[in-house]
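Here is a short report on how parts of one chain pack together. Look over the sequence and the model first.

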Amino acid sequence: MALTLLRGMRTPISFRSSTGLFFTVLRPRLARFTTRVESAQATEAKAAAKSIQLVTKEAAEQKTQGFEAIIGIETHVQLSTVTKAFCSCPYNYGSQPNTTICPTCMGHPGTLPVLNEKVVECAVKLGLALNCEISMTSKFDRKQYFYPDLPKGYQISQFDIPIAKKGYVDLDLPVEFGGGHRKFGITRVHMEEDAGKLLHSESGSYSQVDLNRAGVPLLEIVSEPDMRTGIEAAEYGAELQRIVRYLGVSNGNMQEGSLRCDVNVSVRPVGQSEFGTKVEIKNMNSFSEINRAIDYEISRQILLHKEGQADQIVQETRLWDESSQKTFTMRKKEGLADYRYFPEPDLPEVVLSTDYIDEISKSLPELPEAKRRRYENMGLSMQDVLFLANDDNVAHFFDSTLEHGADAKLACNWIMGDIAAYLKNEKLSIDETKLTPLELSELIASIKNGTISGKIGKEILVELISKGGTVKGVIEEKDLVQIADPAAIEAMVDKVIADNPKQLEQYRAGKTKLQGFFAGQVMKASKGKANPVLLNKILGEKLNAN
Amino acid sequence: MPPPLQAHRLFISHRRLPTPARRRFTAVSSVQSAPATTSAPGPATSSILSIRESLLSGERTAADITSEYLSRLRRTEPSLRSFIHVADAAAEREAEELDRRIASGEKDAVGPLAGVLVGVKDNLCTANMPSTGGSRILDGYRPAYDATAVRRLREAGAIVVGKTNLDEFGMGSTTEGSAFQVTTNPWDDSRVPGGSSGGSASAVSARQCVVSLGSDTGGSVRQPASFCGVVGLKPTYGRVSRFGLMAYASSLDVVGCFGSSVFDTATILSVVAGHDKMDSTSSLQDVPDYASELVSLDLLESKPLNGLRIGIIQETLGEGVDTGVISSIKDAASHLERLGSVVEEVSLPSFSLGLPAYYILASSEASSNLSRYDGIRYGRQVSADDLNEIYGESRANGLGHEVKMRILMGTYALSSGYYDAYYKRAQQVRTLVKESFKGALERYDILISPAASSAAYKIGEKINDPLAMYSGDIMTVNVNLAGLPALVVPCGFVEGGAAGLPVGLQMIGSPFSEGNLLRVGHIFEQTLQNFSFVPPLLAER
């Protein structure tokens with residue numbers, strides 16, 4: 001719960017004073033999954049957290065009173081195509097430096113780029129998923145600057161005609177942040193290539209260049225400046241991650257740099273129409289960091305405004321420092337960099353047909369937003385909806401469990417409860433376990449029809465998820481069928497009562513709580529298989545019979 | 001007009017055989033076996049065909065042929081300096097290997113270019129052979145791969161004899177802009193061979209190799225072909241893959257070919273042309289067997305060009321053009337008329353706009369294309385304390401004056417605030433030029449003009465006057481802007497040097513009409529009387 005709670009705190013003062021605390025408890029935001037599991041398990045704590053959250057939220061609002069933040073995000077998504085954007089080299093994160101390179105991606109003389117058509121396909125997919133207009137004709141341009149990780153001295157990108165533009169993304173804020181639906185505008189999506197990496201020596205006396213990543217395809221997604229808080233920005237990023245994962249165009253992994261967010265933040269007095277000076281923040285490695293970096297930056301800027309030092313907010317790039325929970329100046333921008341864009345003469349225009357776009361459109365999977373609305377219509381709570389739709393593997397598992405006839409709420413409870421807990425412990429994703437949706441639906445059905453008890457169900461689940469097999473098989477193998485024969489239960493009850501005369505005496509003297517003790521003994525005798533309803537009914541009759 | 005030349009055919013000296021191929025191409029009536037005797041001036045002959053015939057007949061070995069060329073190369077190279085790198089040992093080895101394969105009766109041993117020695121402009125990458133682009137910054141650089149054009153030549157059996165000199169990265173019109181050496185003109189060693197493919201033109205002219213590859217961004221094949229009296233072809237943009245050609249101006253660059261005859265040039269084009277998956281700007285158009293479509297002299301009708309409409313570009317025969325050149329071109333036009341074509345003057349009003357537009361576009365693209373020569377991954381690096389100094393010093397030391405000037409011009413033209421006034425406007429001019437050519441080529445099958453406004457000039461004459469050198473490109477740059485094919489065929493002489501200086505006729509066609517240009521060029525070449533374009537250098541022995 002600490003995680004959720006602290007994420008809700010956004011006043012700069014408590015931020016600063018609790019730095020140490022933050023440092024110890026915060027975890028990367030992969031954790032969305034785990035956070036929810038924790039909160040589902042600790043319902044009581046959650047209620048308490050909510051009230052604290054409200055308080056901190058109000059405090060935050062007081063701090064920002066009179067000001068509003070404007071946030072826009074540029075996101076780079078590395079595509080998981082088999083080969084690079086303009087040559088046939090593969091790319092695998094973590095390969096030995098300079099092992100997946102060729103004359104083309106090293107920028108050798110005479111080499112030419114040849115566009116990987118998969119990149120266009122991914123761009124169109126994402127463009128459509130973000131509700132964009134797709135440009136039937138777009139082109140590539142060269143963005144020119146010198147840096148050792150940029151082999152050609154220019155990056156092949158798209159300048160004035162991006163492949164997709166004017167879209168939007170819908171999302172639901174997490175319940176613990178007050179919830180709510182948001183729609184954020186997408187300015188454009190364009191194709192470009194990644195640069196290599198510099199490895200600086202410890203002494204600082206030299207640097208080495210690793211060009212494995214040079215030429216890896218990227219999609220850059222530019223948002224409208226529609227976000228107002230850190231959590232909105234973080235959730236925007238999380239939604240993009242879900243979308244690219246649903247589409248299968250990228251693994252969206254922030255730690256590996258497959259999804260990178262550069263955030264622009266400015267602050268202005270409420271009511272002012274022109275934007276304040278914007279500051280760019282980089283180096284956030286999780287959505288939680290994005291949230292905190294932005295909230296820190298907002299309060300830094302508001303503080304400067306309030307102290308009459310707004311002129312100290314300058315156009316610059318600041319880096320988020322996770323250890324101190326602050327942003328620091330990386331470089332001040334001296335005027336606008338002149339990249340001398342011009343059309344890439346080595347590549348023909350990208351011309352799409354409506355058939356091509358239609359075909360891709362038809363092949364799109366159900367996207368997170370549509371899933372959430374569908375789950376919502378099933379009557380699931382927003383907490384459940386967000387959990388299920390967060391990961392398309394989970395959603396897919398859930399959907400096929402329902403296809404086998406399981407009840408939505410029950411299936412959801414199993415997935416969010418025991419299954420999620422198991423996955424978290426074993427660090428597995430749901431498709432990596434031996435449990436199949438069919439068996440989960442069987443399990444749910446077996447409990448519902450009284451073949452097994454809920455408790456036995458939990459035991460069977462552990463078997464299924466770790467070793468596989470069928471519900472039927474496990475029940476037979478372990479002889480777990482519920483005893484629902486009243487005569488058999490009655491015999492066991494009689495025996496237990498006869499074996500415990502002392503407790504019977506106490507019970508009959510008024511200590512009726514002891515029924516639990518008797519029930520436990522019977523259950524033990526039945527190895528947990530006695531039908532609990534029947535057991536309690538018979539036991540009650542026997543205990544109260546004179 | 002200078003007196004007819006004494007042609008000494010040293011380069012083909014063997015008996016021709018009446019093979020079917022020979023029947024298809026019997027333009028040369030009587031070149032008898034060595035020793036080269038003085039023969040009357042006559043039409044150019046195909047060296048490729050003779051080599052092929054002598055290898056197939058077993059009359060000569062590849063080693064013999066190679067050694068003949070190499071000995072001529074060794075004799076002439078000290079004064080010409082056409083080559084930056086001569087791969088003589090490798091050439092001899094390859095020739096011997098070819099002989100072994102022929103001797104062992106291997107099928108396919110005699111590829112279409114078997115035993116043909118080619119010179120390759122040094123801005124085309126060759127695996128395991130230096131490729132410098134004529135630049136100090138690539139001194140010692142050996143590419144990991146062959147340019148597609150080179151690979152195709154090798155696959156057809158050709159032997160790369162060496163890398164020819166050029167103006168650094170193709171930027172220049174004299175070959176004086178090479179970081180390594182100045183090449184001289186085989187017709188007069190005090191004169192330039194033209195540029196930037198001066199080494200390739202000079203090498204073919206002096207028969208140091210059979211054919212050669214060049215590149216043409218604004219005239220770099222055609223102008224040196226004219227200066228050196230050889231056939232030069234600038235194909236349609238996209239006809240030949242640019243993969244492996246060190247980019248100067250990507251939207252204008254094409255790989256071109258030189259030969260001592262139209263037939264040889266056509267043969268080379270058939271081999272190197274065609275789509276390449278490594279170059280997205282290469283065309284998918286089919287490649288005809290250009291040489292087989294050429295009609296031999298003895299099968300020609302009396303008016304073989306009947307029905308052909310030719311436009312002579314007015315703007316190329318006016319002020320600033322050498323009078324000797326103008327009269328050569330007019331004589332060539334009359335000759336074309338005698339062959340049955342209709343020749344009319346045509347005006348291309350946008351012609352004079354092409355030159356400034358060309359220099360803006362070419363420099364802009366060059367400023368970008370040459371960014372990769374930063375000393376980081378390959379080539380010469382000057383070590384320094386900080387990154388900017390490494391860049392600055394490596395480029396300052398590695399790049400020559402002309403290249404730096406064009407990078408500066410191009411950087412300026414692309415800078416924010418100037419882009420619209422320069423780059424964008426130049427692109428608009430380019431569209432105008434394209435349209436004006438398109439219109440003229442709807443009315444005429446072929447447009448003709450000089451390939452250069454003068455014959456070869458003296459070494460050093462224009463070296464300090466870049467504008468004079470740039471304006472020399474007026475005849476050729478428009479064709480690159482329009483992406484059209486153009487063939488230069490020697491057509492006459494002006495006075496100068498010991499034996500006169502050759503003049504080239506430029507024939508411009510519609511996109512992918514190389515076949516027609518070569519057909520007309522071949523008829524022109526085979527019927528041109530009283531000229532022989534073998535430089536006096538070769539008569540010295």
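Which residues in α10(B) meet which residues in α13(B)? Gly354(B), Ala357(B), Ile360(B), Leu361(B) and Ser364(B) in α10(B) meet Tyr422(B), Tyr423(B), Ala426(B), Val429(B), Arg430(B) and Val433(B) in α13(B). Two residues are in contact if their C-beta atoms, placed from the backbone, lie within 7 Å. This contact divides into eight nonpolar, two polar and one charged. Nonpolar covers Ala, Val, Leu, Ile, Met, Phe, Trp, Tyr, Cys and Pro; charged covers Asp, Glu, Lys and Arg; the others, Gly among them, are polar.

This is a predicted model: local features need pLDDT of at least 70, side-chain atom pairs count only at pLDDT 80 or more, and totals for chains, interfaces and linings use all residues. Residues are numbered from 1 along each chain as its sequence is written, while chains are lettered from A and ligands numbered from 1 in the order written.

The axes of α10 (residues 354–369) and α13 (residues 420–443) of chain B come within 9 Å and cross at roughly 130°. Axes are lines fitted to C-alpha atoms, for helices over the stretch in contact, with angles from 0 to 180 degrees between N-to-C directions. Helices are DSSP runs (H or I, at least four residues), numbered from the N terminus.

Chain B also has a domain division, from an automatic or database assignment.

The C-alpha centres of the two domains lie 30 Å apart.

Notes
Helix = DSSP H or I, 4+ residues; strand = E, 2+ residues; numbered from the N terminus.
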